[in-house]
Number of protein chains: 2
Amino acid sequence: MRSPDQLTDAFRARGLKMTPQRQLLFRLLHGNDTHPTAESLFERASHEMPGISLRTVYQTMNDLVAMGEIEQVSVGGGPARFDPNTDDHHHVVCDTCGTVRDVYVSGADQLAIDGLDGFDAVAPAIVFHGECTQCASSSNPPHHSTKEN
Amino acid sequence: MRSPDQLTDAFRARGLKMTPQRQLLFRLLHGNDTHPTAESLFERASHEMPGISLRTVYQTMNDLVAMGEIEQVSVGGGPARFDPNTDDHHHVVCDTCGTVRDVYVSGADQLAIDGLDGFDAVAPAIVFHGECTQCASSSNPPHHSTKEN
DNA sequence: TCAGTAATCTGCAACTCGTGCAGACAAACA
DNA sequence: TGTTTGTCTGCACGAGTTGCAGATTACTGA
Ligand SMILES: [Mn+2]
Ligand SMILES: [Mn+2]
Ligand SMILES: [Zn+2]
Ligand SMILES: [Zn+2]
C-alpha cells in the first residue's frame, strides 16, 4: 500500500474526494502487518474519531481493494482481513488465537500440479495453519488453570 | 470418506443412531467430487426425502467433519464446502462459476518458508484461482450455477 | 414384542458478517 | 459563497450458520 499522501492523490485522480475518515483509515493501515478486520479497524478508528461508522470502514476497504492498494485475505472462517502488504507472499494462521502472519514461500509458482486439466489457474494462495509461539507457550500453563478443582 | 455401510458402523460405535436422513446424506456424499455446499446437498436430499431439514444437513456434516470422515473446504467467501476426499490434495476454484476441483500438488510440504519464526505450522492449504475450461470457452458463462451437487 | 430412554429431527429464532439504501452532510471548484 | 457531487451515517436487509425446544424416532433390554 502506498503512503497516505500518495493514496490521497490516487483517490483524487479517480474523482474521489478526500475525507478525514479516509485519511484516518489510511494512517491506520499504513505499515500495519496485523491483517486487521473491519471491526478491529473500526475500534481503533473510533478512538481517534468517535462517531465514525463501521459502514465507512467497509466502504473504504472495498475502495482500496478495488484500486489494488490492499488485498483482502481470507483464511477460512471468521471475518475478512485486510492486508496493505501487496508483496507476493502467503500466510500462516494460529488456530488458537487467530493471529495471521506473513510468510514468504520460494518456488510456489513452480509447483507440479496434477489435475488442472485445462483449468487456467493463476498464482496460488497458500495458508498454513498451526499455533503461534505465544499460544504454544501458554498452552501448558503451570499456574492459573481456569478449570481446576 | 468410508462407505455408507462403514459409516453406519462408525456412527453406532460412537453411540450415535442411524437414521434415514443420515443414510441418505452418506449416499449423496459417497464418491461425490463436486465439493457440495450444505444447501446443494439439501436440495438433492429433498428430492428423495421431502421434509428433510437444512438443519439436519448441517448437523450431519459437522458430525462427519468431527469424525474426520469428510473435510470442510473454505475457498474464500461463499458457503462452506464439504469434501469426502480426505487424500492429501488441494483445490482450484473457478472465479466465474464457483466450481471447485481437486488438484494434486507434489512437493507442497517441502516448500522453503521464510518468516515462520517459531510458528508451529502444519501442512499448507493451497487454493488456485482461475477459470475453468467451460467458462473459458462459453460466451454466456453460468455465474455460480445451481448445477453443483 | 414393547415400553423406556436417549439421541435426533424439525422449525424457527438468533447470531455474525457484510451490503443496499436514503437522507443528511461535506469536499471540490468556480 | 453557492452549486455540484460524492460521502457518511444509521438502519434494514441478506447470506450463511448455529442455538434451542418440543415432537419424534432409533435403540435397548426385559
Ligand atoms: Mn499478509
Ligand atoms: Mn477436494
Ligand atoms: Zn496464537
Ligand atoms: Zn467456471
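A:Val92 stands opposite A:Phe128 in S6(A). This is a predicted model, in which local features need pLDDT of at least 70 and side-chain atom pairs count only at pLDDT 80 or more, while totals for chains, interfaces and linings use all residues. Residues are numbered from 1 along each chain as its sequence is written, chains are lettered from A and ligands numbered from 1 in the order in which they are written, and side-chain values use heavy atoms, with hydrogens and water left out.

**Strand S3 of chain A**

- Helices (H or I, at least four residues) and strands (E, at least two) are DSSP runs, numbered from the N terminus.
- In strand S3 (residues 90-94) of chain A, 5 of its 5 residues are buried, where buried means under 20% relative accessible area, exposed over 50% and partly exposed in between (1.4 Å probe, protein chains only).
- In a regular strand the side chains alternate between the two faces of the sheet.
- In S3(A), one side holds A:His90, A:Val92 and A:Cys94 and the other A:His91 and A:Val93, all of them buried.
- S3(A) runs antiparallel to strand S4 (residues 100-106) of chain A, with 4 bridges joining them; two strands pair if DSSP finds at least two bridges between them.
- Within this pairing, A:His90 stands opposite A:Val103.
- The hairpin of S3(A) and S4(A) has 5 residues between the strands, and A:Gly98 in the turn has a positive phi of about 90°.
- With strand S6 (residues 120-131) of chain A, S3(A) pairs in the parallel sense over 4 bridges.

**Manganese ion (ligand 1), chain A**

- A:His35 (NE2), A:Asp83 (OD), A:His89 (NE2), A:His91 (NE2) and A:Asp102 (OD) coordinate the manganese ion (ligand 1) at 1.9 to 2.2 Å.
- Donors are N, O and S atoms within 2.8 Å of the metal (3.2 Å for Na, K and Ca); water is not among the atoms, so sites may look incomplete.
- Along the chain, the donors of ligand 1 have the spacing H-x47-D-x5-H-x1-H-x10-D.
- Distant parts of the chain are linked by A:His35, in the loop between helix H2 (20-29) and helix H3 (38-48) of chain A, and A:Asp102, in strand S4 of chain A, 67 residues apart.
- A:His35 counts as buried at 0% relative accessibility, and A:Asp102 is buried with a relative accessible area of 17%.

**Manganese ion (ligand 2), chain B**

- The manganese ion (ligand 2) is coordinated at 1.9 to 2.2 Å by B:His35 (NE2), B:Asp83 (OD), B:His89 (NE2), B:His91 (NE2) and B:Asp102 (OD).
- B:His89 lies in the loop between strand S2 (81-83) and strand S3 (90-94) of chain B and B:Asp102 in strand S4 (residues 100-106) of chain B, so the pair ties together parts 13 residues apart in sequence.
- Both B:His89 and B:Asp102 are buried.

**Interface of chain B and chain A**

- The contact (heavy atoms within 4.5 Å) takes 35 residues from chain B and 35 residues from chain A.
- About 2,800 Å² is buried between chain B and chain A, and carbon and sulfur atoms give 63% of this area; buried area is the accessible area (1.4 Å probe) that two parts lose on being put together, summed over both.
- In chain B, the residues that lose the most area to chain A are B:Leu111, B:Phe119 and B:Phe128, together 22% of what that side buries.
- The interface has 2 salt bridges, each a side-chain nitrogen of Lys or Arg within 4 Å of a carboxyl oxygen of Asp or Glu.
- One of the salt bridges joins the side chains of B:Asp117 and A:Arg101 (3.5 Å, N to O).
- S6(B) gives the largest share of the side of chain B that touches chain A, 11 residues.
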